[in-house]
Amino acid sequence: MKKSIFIGAFAATSLVAGVAQAQQTLEAILDRGELNCGVSTGLAGFSAPDANGVWQGFDVAKCRAVAAAILDDPMAVNFVPTTGQTRFSALASGEVDMLARNTTWTFTRDIDLRLTFVGTNYYDGQGFMVPREIGVSSGMELDGATVCIQTGTTTELNLADFFRANGMEYEPVPIETNAEAQQQYLAGACDVYTTDVSGLAATRASFGEPDDHVILPEVISKEPLGPVVRDGDKNWEGIVRWTLFALMAAEELGVTSANVEELAQGTDSPEINRLLGSEGDFGDMLGLDSDWAVRAIAASGNYGEIFAANIGEQTPIGLARGLNAQWTQGGLIYAPPFR
Amino acid sequence: MSNIEAHTVAYVRDTMLPEQTPPITEKGAVKWLRENLFSGWLNSVLTVLSLLVIWWALAAIGPWLLNTIWNAGSLRECREILDGTPGACFAVINDRWHQLLFGFYPSQHYWRPTLAFVLLLASLAPVLFTNLPRKLLYVSAAYPFVAYHLLWGGSIWLPVSAALGFVAGFVAFVFARRVNGLLAVFAAVLAPIFWWLFLAQPFNAGLSSVLPIGLEFVRSDRFGGFLISLVIGVTGISLSLPLGILLALGRQSDMVFVKSVCVIFIEFIRGVPLITLLFTASLLLNYFLPPGTSFDLILRVIIMVTLFAAAYMAEVIRGGLAALPRGQYEAADALGLDYWKAQRLIIMPQALKISIPGIVNTFIGLFKDTTLVVFIGLLDPIGLSNAIRADTDWNGIYWELFIFIGALFFLFCFGISRYSMYLERKLKTDHR
């Protein structure tokens, strides 16, 4: 009884807080002069501070694009490092305006936690890495393997599902962090390391001899990662969502950070004109000015440029576009029309 | 005459024999080795085994440490320079030491935390060593306000007006003491509260608008690395001792209300892990504060860490109080001392002396516990090591970062522990 009263009071408090915050995220950011963006405390290629303390990465670029669209300054972002435990409450309590932090879009997070996933900016999936010398070429040959697995994550459940569905046995070696997993795996404490494929690629790239390890072709789960905002502020949700789509559409339409200023003067393509604001008043509808998308794209380039600069094949992480190619190239990156 | 020895025995030596050197097994290094390392077959076996372990460790780590690379831009570059030979890549420390020490503190202001640290040592000196001039204690008293201004900056009048609260309390105490002792205590407590609640704000605002001087404001989320550990650790340590003493006295008090409040507080805090309190500070408090008020996260953490350490400190000091013979309390009563005088002159000096090892233990534990803030997303040295590793340049580097962090923590903790041994020796009055 007492517990339920407490939970009720708790929910009421957060509801009041939520209502009070609704419809004013944009104004709050404009007042403050900077965007509070929740990122992970450090994930190779996605978010990490460089030697000067400036945050860099794929998720970070997304925050900078939103800041550029609203405040005309990609550096006007206050990055708040969040852990897996603190990320959602940081968002719900208003400590951050948006999360751009390798967060998987799931039913319960979307509905039960009252969050809004504005889209998917990276399609990930769980995979396996094994040393080349054990000669395994498929996930189906992993019967009886010892597997290094991070505890308390969806990867743990996916792994159990995969092995049960295929009638195989495995012995889990529970580990706490990615860093610990790398050490355990290299020390031979487990035959297989499993986590998201992007993480496996980053891990493999950090090894002294990356070619001695292979990432198996099986991808056993869907992990759509995307930016998250609170429920209850449709305008703010729209700004974050359509900034993401603007970056995707820019790649599709051939708008890059190099030519965006030039194309913004007006082109023959009505779609580009609508995106860059020389036609229509899409900026007004968002509560921004007409150049919002130009600034977002100029901040760190379109979706493809951001991908290539942070996690693409030219970087040490070396991820192929794969599922994250444009839909015209056989991938899943598909921005709804700007119309 | 014939009874004297020279006449009754055949021969008497009348000069000293020259001193002979002791047998080879009974002197110098050989003797020391025999007595300390090979005094029996069991000890000999253990000695040999230990030597083997030491040799094995040195052989494993030595070449790696000696073959250290200090200048490289990334782990890949390090590996190219090493070219397959085992070697440490301390280039990461060379590249990121400022981040490990200061976090995201603006680099043009690095002198501020550095100066604050030097002043910390200066202001600790008169507290720690009694042979220094007592006047220096005024420096120590001013330090918290100076350090706050150095670290956070902003208007200089904020710490000044905060400090004036204590001055107000002191002045009120001096004046009220002429009337009544009890009144003086009340005045000393109420005057600063009155000042802070009603007068400090206009005083601060007024002077800030007239004389806007002060260092550039640096936000708390710029703090990181050892700066954050030290800020939390030093504040927690210096606040938890007085709080702990009060709690310990409260727990021994005859007043039911005071006693039960103290017991409940101590038992509650001791029954809850620190990490839970930190999560409460970081997550739960947000929901209950009005939206838009951002109550500084570092401040929340400092409060939680201080309360946590104070509860442990109270129990350590209660141990010291319990170890005092009953006669000491009775002697204080017999001398006609009131409660506070008895505590100050007789009970506490002895109880604290007994508790020194326990107190220092709590201090060191608290300082090391500051690394737990990594779980709520504050980038202390451990958190930063994670963030540094997430940079593609340094992904895959472990031991070098942890060795550096460990060495710095060791430096502080070892320093604290050596000081406590010095203090124990100095205060030793018994003849054991």
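User: In which helix of chain A is Gln184(A) found?
Analyst: This is a predicted model, in which local features need pLDDT of at least 70, side-chain atom pairs count only at pLDDT 80 or more, and totals for chains, interfaces and linings use all residues. Residues are numbered from 1 along each chain as its sequence is written, while chains are lettered from A and ligands numbered from 1 in the order in which they are written. Helices are DSSP runs of H or I with at least four residues, numbered from the N terminus. The helix that holds Gln184(A) spans residues 178–186 of chain A and is α7.

User: Does Gln184(A) count as buried, exposed or partly exposed, and why is that?
Analyst: A residue is buried if 20 or more other C-beta atoms, placed from the backbone, lie within 10 Å of its own, exposed if 12 or fewer do, and partly exposed in between. Gln184(A) has 17 C-beta neighbours inside 10 Å, and therefore it counts as partly exposed.

User: Which residues does Gln184(A) touch, not counting residues up to four places away in sequence?
Analyst: Two residues are in contact if their C-beta atoms, placed from the backbone, lie within 7 Å. With residues up to four places away in sequence left out, Gln184(A) touches Cys148(A), Val173(A), Ile175(A), Ala189(A) and Cys190(A).

User: Which residues of helix α8 of chain B are buried?
Analyst: Helix α8(B) covers residues 157–177, and what covers its buried residues includes α7 (137–152) and α9 (181–210) of chain B. The buried residues themselves are Trp157(B), Leu158(B), Pro159(B), Ser161(B), Leu164(B), Ala168(B) and Ala172(B).

User: How are α10(B) and α13(B) oriented to each other?
Analyst: The axes, which are lines fitted to C-alpha atoms over the stretch in contact, come within 5 Å and cross at roughly 45° for α10 (residues 225–252) and α13 (residues 297–323) of chain B. Angles between N-to-C directions run from 0 to 180 degrees, and those under 35 count as roughly parallel, over 145 as roughly antiparallel, 65 to 115 as roughly perpendicular and the rest as oblique. The two helices α10(B) and α13(B) are therefore oblique.

User: How many residues does the contact between the two chains take from chain A?
Analyst: On the side of chain B that touches chain A, α4 (75–82), α5 (91–102), α12 (274–288) and α16 (381–390) of chain B each supply at least two residues. The contact takes 27 residues from chain B, and from chain A the number is 38.

Note on methods:
The expected span of a helix is 1.5 Å times one less than its number of residues.
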